[in-house]
Each structure stands twice: as C-alpha cells, then as structure tokens.
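Q: Please take a close look at one helix in this structure. Which neighbours does it pack against, and what makes the contacts?

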Amino acid sequence: MNLARRSTETGTGHALVLGAGISGLCAARALSEVFDHVTLVERDTPAGDGATRRGVPQGAHVHSLTVRGANVLEGFFPGFVDELAADGATLVNALSEVEIVFFGSLLCKVPLGTVLQASRPFLEDRLRAKVCAAPNVTLLDGREATAPLTTPDRSRVTGARVVVPGVPGTTEEIDADLVVDAMGRAGRGATWLGTLGYGKPVEQRLRVDVAYASRRYRLPPGAIGADKALLVGATPTRPRGLVLTRQENDIWVLSLYGFGGGHHPPTDPDEFLLFAQELATVGGWEALRRAEPVTDVAAFAYPHSVRRHFHRLRRLPDGLISIGDAICSLNPIYGAGMTVAALQAAALRGCLVGGTRNLPRRFYRSAAKSLQLSWLFSTLADRSMPQVPGTRPALAALLATSFRATMRAAATDPEIAAAVWNAVSLTGSPAELAHPRVLAGTLRNWPRRRSVR
Ligand SMILES: Cc1cc2nc3c(=O)[nH]c(=O)nc-3n(C[C@H](O)[C@H](O)[C@H](O)COP(=O)(O)OP(=O)(O)OC[C@H]3O[C@@H](n4cnc5c(N)ncnc54)[C@H](O)[C@@H]3O)c2cc1C
C-alpha cells in the first residue's frame, strides 16, 4: 500500500515525522506552519488516563520542564502553561517554593519565577492534543517505521516504510518531501545514513551508569510545608540523589537515582523507602512516611549520555533530518532533555523561514548550537563524579571542589543562588557561573585543604 502525499504546487508538500514524543510533536508543530500536510507516525497507541507508554518508559520518572523549555513551548502554543495549570498541573515559584540541596548545600530561597510541574504523560497528552488540533496534521499511531525510501541514486530520502508491529502483511510506504527521525536515542536515523552510504555520524559517549527508581504517591496539600519540590543532588562521596515533586492533581512523584552499580536504587518498596530516608530532608521524610502509593516502583537504567555529530558529516541526503534524543541524549538527572528537544524544534522552525533548500545541513548546524551548552554543562557536572570513568582523578576532584564551593556560596548569597538556578534551568547561560561575584563567592568558600567531600 502506498500512502502517497506528494508535493503540491501551492506549498512545501508533505512532511513525515517518525516518533511522536516531545521532539516529534514540537517538530510537527514547526513543520505544520510551512508544509501543506504533516503526518506523525508513532509505534505506540496512546496509553490513556495519564499512563506511561511502552515507547517512553522514562515517563514513569520525574520529568521536570525547565523554565527555558516552558518558554519554548509557549512560543509554539501561546497560553500553554496556564492551560496546563488550569487542568491540574502545579505552578511553583522557584526558588521560594523549592528546596534544593546541591553538593550538600541548601540553596538560598530567593524568588526567581514560575516553574511548571507535571508528569511526562500529562504534558505529552496535552501537547499531542494541541499539535493534532491543526487541520493539516495527522497522527498514525500503532505503526512502526522500519526503513527509509529513497530515489534510485540515494541522493534524496522520499519517505518511509512502516508496519503495524507484530502483524504480518501490513507494510505501507508513505511518500514525503521531508522525513524527520524523532524516534529517540536508539539512533535509527544515524543507522539509516550508514546504510545509505553516507557514513554514520561520529558519536560522543559518556558512560554514567545511572539508574532510576520512581513511585507516585498521593500526599495531602502542604505535605512538605509551603514547598512543592525537593531536590537532593548526588555528591562524589554519596553518588545518590532524590527528587520529590508535586505533579498534577495532588499526585507526587518520588524519583531516586544513583551512579554506579553499588548505588542503584532498589525496587523493593521497603528498601526503596530506606534509600529515600537516607537522602530526604526531615520534612521530606515525614511526608513520605505518611504518603499513599498510587503506583508500583518503576526502574530505568541509563548507561550513557550520547551526542551524535550530524553537523560534521561531509555528505547528507536531502529530505532526512534527525531531532531530539536522536541527536543528543543527556544524563536525565539534570532534567534538560525535553528542553533540548524543544530547542531543536525551535531551531528547525527558524531554519524553515529560509525555505527547505539545503535544510538538513542548515538544521544540524543550528541544532548543534542550541544543545552545545547543555551538553557541556551536564558532562562537566558528570565528570565531577569519580564513578564516571574517563576523567583524570585530579580534574574530577577540582570540578567537585569547585561545584561544592559555589553551592556553599549559593546557600547564603541570593545572587549566586540565582546564577546557579539560571544555569540549571537554562534561562541564563552557564557562563553566569563565571561572573566575578560568583567566582569571588566560590573562592571564599574554597576549602583550605583540598577535598572532594
Ligand atoms: C529516567 C529519565 C528521566 C528523565 N527526566 C527528565 C526530566 O526531568 N526533564 C527532561 O526535560 N527530560 C528528562 N528526560 C529526558 C527526556 O525523556 C528525553 O530527552 C525526551 O523524551 C526526548 O524526546 P524525544 O521525542 O527525542 O524522544 P522520546 O521521548 O524517546 O520519543 C521517541 C518516540 O519515538 C517512538 N518510536 C521509537 N521508534 C519508533 C519507530 N521505529 N517507529 C515509530 N515510532 C517510534 C517512541 O514510541 C516514542 O514515542 C528523562 C529521561 C529519562 C530516561
């Protein structure tokens, strides 16, 4: 069967987006402004009722949207954040309603703006509804993309082959003027480029060996006082972390994580709570003891961060781009993945203003710029952990000492706390951490004797 949608004379034709996660949905939105028609192909069928989908198992774990990410989504859908809040999502004033303990220091509670907290299924369901409300967007779910279609000389990708998973004889061919690989970190688009003779993009990997375990709870209002989120970050000597956030409709999620085999959080409910007790503040632990679980404990293993350098490939076919985790998957503990996916979609939107000529090359350059700082920031933070292999111990110790001293300064100085928050929430540049005031605070808190504690 051939589901042909060829170029029309009036517009830019048909765009085919493979994968309807955050990057696929945002890309579909950007493309729907320019292409006559956009088709989204998604392997899963909707799980419904806020449940986690098979293709996005990370949806069971905390999914914080940074301030920058929320701003990008607002750019695509004005009023989106308020609509989600009206629908039950939690709006939080950072940092006055958030308790953040980084490198052992509790950050100063300075008011810096509003953050949206919701579960990944809640956010994605609403985003999907928005994208699919456009008259020129169609979602084909329950279909798996298996291969690209090309011109005989392979200079252009002209569509994709899709099947209904597990059902023989259901192969369909969908023609398109542009195919977007938004199929996540597995890297199918990169493999396709290799198969088509363009070579695979160079992959940069950082082995982090992080594992998550999470459970959702019902907690009474005011369970942790005026706070609506508690974050306790890992340190080199205790490479374990905890995030407890209020999501939609009084449901909270507790996510625990650890670097390295000996620190992976357990899934046995009692051991899970013991792991949390070790990390939580007194108030957080009191709340957890009284919490009513509404799900089982879910686990997720995240072996390595990966960045694929598509922008460095010497040759690229027309008509194919990869986006989102397919280009760059960051250690989730920094909560930046959805923001980076949305930023890449915004970069695509910017490139489309200049038309579709030479789009893959222009897009990859722009996407590389949009994710560069997040990659740098998260891999530098990872390199302060001795459990992450590949960094010279002296450099890891220096990074850890420096982060610890900055966080000590951020515990008492509101401007330094703001610089840390702006870097973490991607609202400002990590370069703010090099501001003279921050550097002076870091130096004031530098230990007399070298220490990585
Ligand atoms: C444990 C964990 C916690 C995280 N926490 C956060 C957080 O707090 N904040 C944050 O911003 N980010 C977080 N992330 C990262 C975030 O989940 C990803 O960065 C983001 O989902 C990337 O979106 P994507 O659309 O590129 O990929 P995905 O969300 O992985 O979506 C890919 C989609 O493609 C579909 N698909 C796959 N193969 C095919 C195929 N062959 N045919 C058709 N469809 C296909 C899948 O079903 C899926 O829907 C976390 C990640 C993990 C693992």
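**Helix α1 and its two neighbours**

A: In this predicted model, α1 passes α4 in a left-handed crossing. Helix α4 spans residues 120-132. The two axes come within 10 Å and cross at roughly 20°. Angles under 35 degrees count as roughly parallel, so α1 is roughly parallel to α4.

Now the residues. On the α1 side, the contact uses Ile22, Leu25, Cys26, Ala28 and Arg29. On the α4 side, Arg120, Glu124, Leu127, Arg128 and Val131 take part. Sort them by class: six are nonpolar, four are charged and none is polar.

Next, turn to α8. Helix α1 covers residues 22-32, and α8 covers residues 337-352. Their axes lie 9 Å apart, at an angle of about 20°. That angle makes α1 roughly parallel to α8. The crossing of α1 past α8 is right-handed.

Here α1 supplies Ile22, Ser23, Cys26, Ala27, Ala30 and Leu31. Helix α8 supplies Met338, Ala341, Ala342, Ala345, Leu348, Arg349 and Leu352. By class, this contact has 11 nonpolar residues, one polar and one charged.

Look at Ile22 and Cys26 of α1. Both belong to the contact with α4. Both also belong to the contact with α8.

To recap the handedness: α1 crosses α4 in a left-handed way, whereas α1 crosses α8 in a right-handed way.

Methods:
Residues are numbered from 1 along each chain as its sequence is written. This is a predicted model: local features need pLDDT of at least 70, side-chain atom pairs count only at pLDDT 80 or more; totals for chains, interfaces and linings use all residues. Side-chain values use heavy atoms; hydrogens and water are left out. Axes are lines fitted to C-alpha atoms, for helices over the stretch in contact, and angles run from 0 to 180 degrees between N-to-C directions. Helices (H or I, at least four residues) and strands (E, at least two) are DSSP runs, numbered from the N terminus. Angles under 35 degrees count as roughly parallel, over 145 as roughly antiparallel, 65 to 115 as roughly perpendicular and the rest as oblique. A crossing is left-handed if the near helix is turned anticlockwise from the far one by less than a right angle, and right-handed if clockwise. Contact means heavy atoms within 4.5 Å. Ala, Val, Leu, Ile, Met, Phe, Trp, Tyr, Cys and Pro count as nonpolar, Asp, Glu, Lys and Arg as charged, and the others, Gly among them, as polar.
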